[in-house]
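Subject: Structure handover

Hello,

Please find the structure below. My notes on what was found in it follow.

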Amino acid sequence: MKKKIITVELPDGLEARPAAMLVQVASQYDSRIYLESGSKRVNAKSIMGMMTLGLIAGQSITVEVDGADEDQAVSEIEKYLINA
C-alpha cells in the first residue's frame, strides 16, 4: 500500500468535470484507490464520492492506493492533480 500527500493545483479545484476526469484516470487501474480530505475518505473511482470532497485549489489530500499497479496509479493521479 502506498500513501502520498498531494496538493491540488487544479485552478477551479475538483468541480464536476475535473472530478469526472479524475475518476477516469483512477478507473484505469486495478488497485483500490481512495482520497482522504479531513474526515472524508472516498473511493477515487466513484464520481459521487469525488463530488462530496469539494476540493479546492491549494488544498492537500492524501491518496491511498493498494494493489499490483499502485506505483503507476499514484504517479498518474498526482500528475493529473498538479498538471491538469
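Tyr34 in strand S2 (32–37) has Asn43 as its bridge partner in strand S3. Four bridges join S2 to S3, and the two run antiparallel. They count as a pair under the rule that DSSP must find at least two bridges between two strands. Strands here are DSSP runs of E with at least two residues, helices are runs of H or I with at least four residues, and both are numbered from the N terminus.

This is a predicted model, in which local features need pLDDT of at least 70 and side-chain atom pairs count only at pLDDT 80 or more, while totals for chains, interfaces and linings use all residues. Residues are numbered from 1 along each chain as its sequence is written, and side-chain values use heavy atoms, with hydrogens and water left out.

The sheet

S2 and S3 form a hairpin with two residues between them. Gly38, in the turn, has a positive phi of about 60 degrees. The open sheet has four strands in the order S1-S4-S2-S3, with antiparallel pairing. S1 and S3 (40–43) are its edge strands, each pairing on one side only. On average, neighbouring strands of this sheet are turned by 25 degrees against each other, direction ignored. Axes are lines fitted to C-alpha atoms, for helices over the stretch in contact, and angles run from 0 to 180 degrees between N-to-C directions.

S2 is also joined to S4 by five bridges, again antiparallel; Leu35 stands opposite Val63 in that pairing. S1 and S4 pair in the antiparallel sense over six bridges, and the S4 partner of Lys3 is Glu64.

The two faces of S2

In a regular strand the side chains alternate between the two faces of the sheet. S2 has a covered face made of Ile33, Leu35 and Ser37, whereas Arg32, Tyr34 and Glu36 are on the uncovered one. Helix H3 (residues 70–83) lies across S1, S2 and S4, at about 5 degrees to S1.

Over the face of Tyr34 lies Arg41, at 4.0 Å from the ring centre. The rule for this asks for NZ of Lys or CZ of Arg within 6 Å of the ring centre and within 35 degrees of the ring normal.

The core

The largest nonpolar core has 25 residues, and those with the most contacts inside it are Ile33, Leu35, Met50 and Leu81. Such a core is a set of buried Ala, Val, Leu, Ile, Met, Phe, Trp, Tyr and Cys residues joined through side-chain atoms within 4.5 Å. Two or more residues come from each of helix H1 (16–27), S2, helix H2 (47–53), S4 and H3. Beyond four places in sequence, Ile33 touches residues including Ala26, Val42, Val63, Ala73 and Ile77; contact means heavy atoms within 4.5 Å.

Two single residues

Is Thr62 buried or exposed? Thr62, in strand S4 (residues 60–66), counts as buried because its relative accessible area is 19%, and the limits are under 20% for buried, over 50% for exposed and partly exposed in between (1.4 Å probe, protein chains only). Among the residues that Thr62 touches are Lys3, Ile5, Tyr34 and Glu36.

Met1 sits in the segment before strand S1 (2–7) and is exposed, because its relative accessibility is 61%. Leaving aside neighbours within four places in sequence, Met1 is in contact with Glu64, Val65, Asp66 and Glu70.

Regards
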